[in-house]
Number of protein chains: 2
Amino acid sequence: MKVQIEKDLLVKALNSVQSVVEKKGPPILSHVLVEAENGKVKFFATDFDLAIWVYTDAVVVEEGKTTAPARSFFEIAKEFPSQTLELKSDDLGRLDILAEKASFQLPSLEPSDFPVDQFEEEVEYQPCNAQLLEKALSKTAYAIPVSGSSFSIAGLYVYCDSQGVYKFVSCDAFRLARFQIARDELGLNFDPGEIIIPRKGVQEILRIIGDAGVDGVFLGVHENVLYAKNDRMTVSIRLLDASFPAFDSIIPPERPNKAEISVDLFQQVLRRMAIFTNQVWKHVNLAISPGILEISAGNAEIGMAQEELSINYTGQEVFKSSFNLKYLSDAVGAVSGATFCFEWSSEMEGGFITDPEDPGYTAFFMPMVTE
Amino acid sequence: MKVQIEKDLLVKALNSVQSVVEKKGPPILSHVLVEAENGKVKFFATDFDLAIWVYTDAVVVEEGKTTAPARSFFEIAKEFPSQTLELKSDDLGRLDILAEKASFQLPSLEPSDFPVDQFEEEVEYQPCNAQLLEKALSKTAYAIPVSGSSFSIAGLYVYCDSQGVYKFVSCDAFRLARFQIARDELGLNFDPGEIIIPRKGVQEILRIIGDAGVDGVFLGVHENVLYAKNDRMTVSIRLLDASFPAFDSIIPPERPNKAEISVDLFQQVLRRMAIFTNQVWKHVNLAISPGILEISAGNAEIGMAQEELSINYTGQEVFKSSFNLKYLSDAVGAVSGATFCFEWSSEMEGGFITDPEDPGYTAFFMPMVTE
């Protein structure tokens, strides 16, 4: 293999694959596969569950392929002393990266050892509304558990119900986030069935959307793998094989009590309350009465905080409960408008956060038992 | 105690004491002492070796003193919802921080438990040239070992020789940094004797300099404590009681060979070479011949790098040796000019870095034995 490639393009391509490169595990997973063919260089990395490939223009003098440690290769590209690099490999088990007065060699592994075959490139893709997909993912990603357990699944549940409404749901034993959007609006013309996208896969789709040019974002499903691509890169995501909790039963369609609260003022209060929490003492207390929200936190040892916010609430029902501060803050953080609604049925059944500007969004959390 | 204080002044004062507040150890050391008197509030913190006090204007309604956890107090001040705060304490073992619709309470400790008496405030201070003091400290601080051992002292050695030249010296078993400046230039009219300022103390003096207003910086020594102050804050630093290695013997006054090298280009090369080092393999190889510096790094496992720089060297002596990359980079980083000089007597005796723009600066490092 021998190619001339622009520094900026190389940096961008290598940056794109870093998030799936594994530092631990088999050495091949810390490498990026580099393949030169037809005036393009393909960069490919995988951690078995996720794979990313990126195509970049280059002058291909001699076709071929090799591998190199993805992290070092990226760092050399970023710091490279000239705007054009020459990449060269032969059978010596190394990649040469050359400029006029500088030469770098990185160790290569056998390209055929790369686990590429388990990813299908010939998938049927459908376009979708990238902006709405971004909304659906970013408003629910925060509640995906970092790791799965028997009570929680570290993935985002996505399905299209019989009314043609897509639901995106994340939850653990204590909270839930849901975003609903009509299939026609989302613009996806196929039904993937019920799928669970792993946490890291959701992040990668968000990156594909963030990086998309005018041509937009395309999705496809083939067997148990979800594919997302833009005009520059493709990511394949092995879907989780699990059954998702029956969340619908915990979201009552009607919550009779509703208070409207400023997002900014509430988040500012939470930042101060957070000073009065620690690893063990994580909750804030909310007390809602007509026109007033009282928020308090802390204990004698940490110190105590109490604040009042004016709110729009005319109901007669007084609400008092305690919630995990971070869960509240995450849920309010996903609201698009300047205010959010706090809704409830009864004190014991937890609280709901909804967005007057975006009726597709609902968050729920359980009260914390603090005494 | 009862005072009204401006948020911005409180934030600045509490920020200034954070660096000496200890998270571990006796609880009192994680607190800041707050003392209101004569229209001023004094904030004081100490870790026994260092102490800082800051005076801030305030409306003192009732004089008195208390303590509060320094970190939480600072965080509340930063996030405080109004521009003026009321601080209040009585005998209830707490500090109240109040605004119209918010109240915060932090736990207090007994102010008389604060170890304040061991620091003398009535010291004879002398002004000094703050800009030159900053230069002397920042060009030598990098080589102060993080912790002391029988071979290295975690402090900066300062003394004034019989010719009236101040020397600032830091070193460990492998490298040394020295800055020399005439007493008259530095403007210090007293001789502190031979002192060793602990690493953290050097950082605090640099902060005093960085924060100084037009009135400048003043120094004083009283027994084994060095004091540095500006118009807003004072730091006291317990000096190290140790004997410093006889460094003069390893710096020969004449180094017959000298190459002049671009600071920028050299540091750029080092950044790339650093990609080919790791926790164990830390060195770069330098090869100096007429007009050319060859720099290389790495091994078969990490990968290998080689670059050439044009340099100003007309000598006949060829120099080849290996040095710790970080030590080289630190030493060149303290050079003021656009070029530095690499000087040597013989390959086996290490290398020197000097600054054509600033003859007061000399750095030295031992070669690394790599085979």
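Rings of Phe, Tyr and Trp (its six-membered ring) pair if their centres lie within 6.5 Å; planes under 30 degrees apart count as stacked, over 60 as edge-to-face and the rest as tilted. In chain A, pairs of this kind link A:Tyr313, A:Phe319, A:Phe323, A:Phe342, A:Trp344 and A:Phe365 into a cluster.

A word on the ground rules: this is a predicted model, where local features need pLDDT of at least 70, side-chain atom pairs count only at pLDDT 80 or more, and totals for chains, interfaces and linings use all residues. Residues are numbered from 1 along each chain as its sequence is written, chains are lettered from A and ligands numbered from 1 in the order in which they are written, and side-chain values use heavy atoms, with hydrogens and water left out.

Over all chains, the count is 34 aromatic pairs. B:Tyr157 sits in strand β11 (155-160) and B:Phe247 in the loop between β17 (233-238) and β18 (257-262), so their pairing ties together parts of chain B that are 90 residues apart in sequence; strands here are DSSP runs of E, at least two residues, numbered from the N terminus. B:Tyr157 is buried at 8% relative accessible area (buried means under 20%, with a 1.4 Å probe and protein chains only; exposed is over 50%, partly exposed in between), and B:Phe247 is buried too, at 5%.

A:Lys229 lies over the face of A:Tyr125, 4.4 Å from the ring centre.

Notes. Helices (H or I, at least four residues) and strands (E, at least two) are DSSP runs, numbered from the N terminus. A charge sits over a ring if NZ of Lys or CZ of Arg is within 6 Å of the ring centre and within 35 degrees of the ring normal.
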